[in-house]
Amino acid sequence: MKKVSFVFVIIISLALLCIIFLHNVFPKAKPIILPEINNIKSIEIIIDNENKNYSDKKIIKNMLSALNSAKPTRSQSISEVPIGNYIRIDIVLSNGTTTFFIYEKNNKYFMELPYTGIYSINKSTYDLIKSYIK
């Protein structure tokens, strides 16, 4: 009985060490922090060669609300622009622009902040942003 308990303790300890190791090697992206609505002059959405600019605070609030639901992933953003098809979103502030991208990959939806992190979003958020370009 003591051997079984000892082996069980060893297995649990190794599992915990593996979890801690993986968590430190592949950390989740930091929680997303979008600009305050009062600091935003406009939001520009760009798909291919089409772009639309919105300065209506109600539309901006709807977009930010949807994007705030993004969940951090363990994937890292290692480039300025993702590969493949994407929707570019520029949030124009009084002191600069924040750019990020949303895209579909393997039937999952993501939002990527260059060199910051990749976040998962749901299909309804993706569809909402895409609807603003039409």
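Analyst: Asp127 and Lys123 both belong to helix α3, where they are 4 residues apart, about one turn of the helix; helices here are DSSP runs (H or I, at least four residues), strands are runs of E with at least two, and both are numbered from the N terminus. This is a predicted model, in which local features need pLDDT of at least 70 and side-chain atom pairs count only at pLDDT 80 or more, while totals for chains, interfaces and linings use all residues. Residues are numbered from 1 along each chain as its sequence is written, and side-chain values use heavy atoms, with hydrogens and water left out.

Asp127 forms a salt bridge with Lys123, their closest N and O atoms being 2.8 Å apart; the term requires a side-chain nitrogen of Lys or Arg within 4 Å of a carboxyl oxygen of Asp or Glu. Asp127 is partly exposed at 32% relative accessibility, and Lys123 is partly exposed at 44%, where buried means under 20% relative accessible area, exposed over 50%, and partly exposed in between (1.4 Å probe, protein chains only).

Within the same helix α3 (residues 123-131), Thr125, Tyr126 and Ile129 are buried. Seen down the axis of α3, these buried residues fall within an arc of 100 degrees, so they line one face of the helix, the arc being that of the directions from the helix axis to the C-beta atoms. The elements that cover the buried residues of α3 include β1 (40-47), α2 (57-67) and β4 (87-93), along with β5 (96-105), β6 (108-113) and β7 (117-121).

Technical notes. Contact means heavy atoms within 4.5 Å.
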